[in-house]
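Reader: I am new to this structure and would be grateful for a close look at one part of it. Please take the aromatic residues and the sheet around them.

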Amino acid sequence: MPDKHFTSEETTQRITEVTSVISHQLKTPLAGIKSSLEIMLSGDLGEMTVKQREYLTLALDGSNKMIGLVKNLLDASRIDEGRMQLMPESSDVGALAKAVVADLTTFAQAKNTTLSITVEDNLPKTFIDALKIHEVINNIVYNAIRYSKGRGSVTMSVRRDGHDILFSSTDTGVGIGDGDKGKIFSKFYRSPSISAIAPDGSGLGLYISKAIIEKSGGKIWFESVEGKGSTFSFSLPIQ
Ligand code: ADP
């Protein structure tokens with residue numbers, strides 16, 4: 001029930017502040033848990049049984065997921081408060097996209113999905129925050145693989161389009177229904193049917209991606225047919 005002492009704007013503001021405080025408080029202990037687990041798994045403290053290693057690996061996987069969530073919550077708070085900063089440097093977007101493909105190949109294989117990329121020759125470098133654009137590409141392609149169905153395919157392309165570099169990822173996945181199309185860039189939004197396919201997810205990836213691309217001077221959009229697949233694209237000005 002809404003608190004009658006606060007307007008809905010104030011309530012939203014308070015939720016943003018509380019989320020930011022909690023996320024900050026979780027960051028340091030989570031980093032401590034992760035490094036302790038990594039030290040134990042390294043074997044430096046003595047040998048472990050297969051079962052011990054298995055449980056510690058599960059714990060490490062869980063702590064990595066929590067660290068990812070906390071990072072996304074902190075990024076979303078920075079965006080909401082207008083504090084997101086970019087650190088642009090001259091970068092090769094094609095190489096960034098290829099690096100994402102290399103990182104996600106094992107995941108794609110586990111999902112029976114073929115993953116391919118074409119990068120136009122001689123693309124000019126452009127001035128972008130490479131880490132953040134890597135994060136956007138990773139988010140789009142990770143979603144494309146995660147929301148695939150059956151033996152799917154994900155095809156990426158990076159090419160020049162006038163004064164822009166255009167990145168596209170086309171998948172043969174579940175697609176997005178007309179009722180969801182206006183909402184998927186909203187903070188925390190996940191389409192109701194997606195939780196059955198992938199229960200993990202915060203609905204923050206596209207919200208953060210849109211903010212990064214727009215702050216970089218670009219645009220991000222998608223086309224999708226429910227049950228057939230989606231194409232997510234973004235453009236970045238060559239500068
Ligand atoms: P998350 O993937 O963690 O739920 P995102 O912000 O990355 O959060 O995506 C928001 C929602 O957009 C997803 O939950 C899903 O409903 C939809 N979506 C994103 N990418 C795709 C895709 N390639 N195919 C189908 N649905 C997608």
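Author: The following account treats the aromatic cluster and then the sheet. This is a predicted model, in which local features need pLDDT of at least 70 and side-chain atom pairs count only at pLDDT 80 or more, while totals for chains, interfaces and linings use all residues. Residues are numbered from 1 along each chain as its sequence is written, and side-chain values use heavy atoms, with hydrogens and water left out.

Phe 185, Phe 222 and Phe 232 make up one aromatic cluster. Rings of Phe, Tyr and Trp (its six-membered ring) pair if their centres lie within 6.5 Å; planes under 30 degrees apart count as stacked, over 60 as edge-to-face and the rest as tilted. Phe 185 and Phe 222 form a tilted pair, 6.0 Å centre to centre with 50° between the planes. Phe 185 lies in the loop between β5 (164-171) and α5 (194-197) and Phe 222 in strand β6 (residues 219-225), so this pair ties together parts 37 residues apart in sequence. Strands (E, at least two residues) and helices (H or I, at least four) are DSSP runs, numbered from the N terminus. The rings of Phe 222 and Phe 232 are stacked, because their centres are 5.2 Å apart and their planes at 20°.

Phe 232, in strand β7 (residues 229-237), is also the bridge partner of Phe 222. Strands β6 and β7 pair (at least two DSSP bridges) in the antiparallel sense over 7 bridges. They belong to an open sheet of 5 strands in the order β2-β4-β5-β7-β6, with mixed pairing.
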